[in-house]
Amino acid sequence: MRSVSTAIGILLLISLMGCSGTKNEDQASPADYQKCIESESAKLLDETGSNADYAMEKAAEICK
């Protein structure tokens with residue numbers, strides 16, 4: 001019986017922690033992400049003269 005109450009307590013704790021709501025606050029909107037990608041890739045193309053695929057890849061890493 002003790003293991004059942006312990007399991008219920010652990011599940012309750014996990015469910016309460018999962019519903020905190022802080023996870024969505026850190027995510028940027030799709031429009032902000034796209035703007036970041038565009039500006040960072042343009043900077044990389046200007047600064048390094050690299051190809052567009054490389055610039056987009058590096059911009060995606062920066063904007064994560």
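Colleague: What share of the 64 residues in the chain is buried?

Modeller: First, a word on the source: this is a predicted model, where local features need pLDDT of at least 70 and side-chain atom pairs count only at pLDDT 80 or more, while totals for chains, interfaces and linings use all residues. Residues are numbered from 1 along each chain as its sequence is written, and side-chain values use heavy atoms, with hydrogens and water left out. Buried means under 20% relative accessible area, exposed over 50% and partly exposed in between, with a 1.4 Å probe and protein chains only. Of the 64 residues in the chain, the buried share is 12%.

Colleague: Which pattern does the chain follow along the sequence?

Modeller: Helices (H or I, at least four residues) and strands (E, at least two) are DSSP runs, numbered from the N terminus. The chain comes to 3 helices and 0 strands. Read along the sequence, that gives α-α-α.

Colleague: Nice and clear. Is H2 roughly parallel, roughly perpendicular, roughly antiparallel or oblique to H3?

Modeller: H2 and H3 (residues 52–62) pack at an angle of about 130°, with their axes 8 Å apart. Axes are lines fitted to C-alpha atoms, for helices over the stretch in contact, and angles run from 0 to 180 degrees between N-to-C directions. Under 35 degrees counts as roughly parallel, over 145 as roughly antiparallel, 65 to 115 as roughly perpendicular and the rest as oblique. The angle therefore makes H2, relative to H3, oblique.

Colleague: And is the crossing of H2 and H3 left-handed or right-handed?

Modeller: A crossing is left-handed if the near helix is turned anticlockwise from the far one by less than a right angle, and right-handed if clockwise. Where H2 passes H3, the crossing is right-handed.

Colleague: How many of the residues in the contact of H2 with H3 are nonpolar?

Modeller: Contact means heavy atoms within 4.5 Å. From H2 come Tyr33, Ile37, Glu40, Ser41, Leu44 and Leu45, which meet Ala52, Ala55, Met56, Lys58, Ala59, Ala60 and Ile62 in H3. Ala, Val, Leu, Ile, Met, Phe, Trp, Tyr, Cys and Pro count as nonpolar, Asp, Glu, Lys and Arg as charged, and the others, Gly among them, as polar. In this contact 1 residue is polar, 2 are charged and the number of nonpolar ones is 10.

Colleague: Let's look at single residues. What is the relative accessible area of Ala59?

Modeller: Ala59 lies in helix H3. Not counting residues up to four places away in sequence, Ala59 touches Ile37, Glu40, Ser41 and Leu44. Ala59 is buried, because its relative accessible area is 0%.

Colleague: How far is Ile37 from Ala59 in space, C-alpha to C-alpha?

Modeller: Ile37 lies in helix H2 and is buried, with a relative accessible area of 6%. Beyond its neighbours within four places in sequence, Ile37 is in contact with Met56, Ala59, Ala60 and Cys63. Ile37 and Ala59 are 22 residues apart in sequence, yet C-alpha to C-alpha the distance is 5.4 Å.

Colleague: Is Glu40 buried or exposed?

Modeller: Glu40 sits in helix H2, residues 30–48. Its contacts, leaving aside neighbours within four places in sequence, are Ala59, Ile62 and Cys63. With a relative accessible area of 17%, Glu40 is buried.

Colleague: Which cysteine is joined to Cys36 by a disulfide?

Modeller: A disulfide is a pair of cysteine sulfur atoms within 2.5 Å, and the structure holds 1. Here the S to S distance is 1.9 Å, and with -90° about the S-S bond the link is left-handed.
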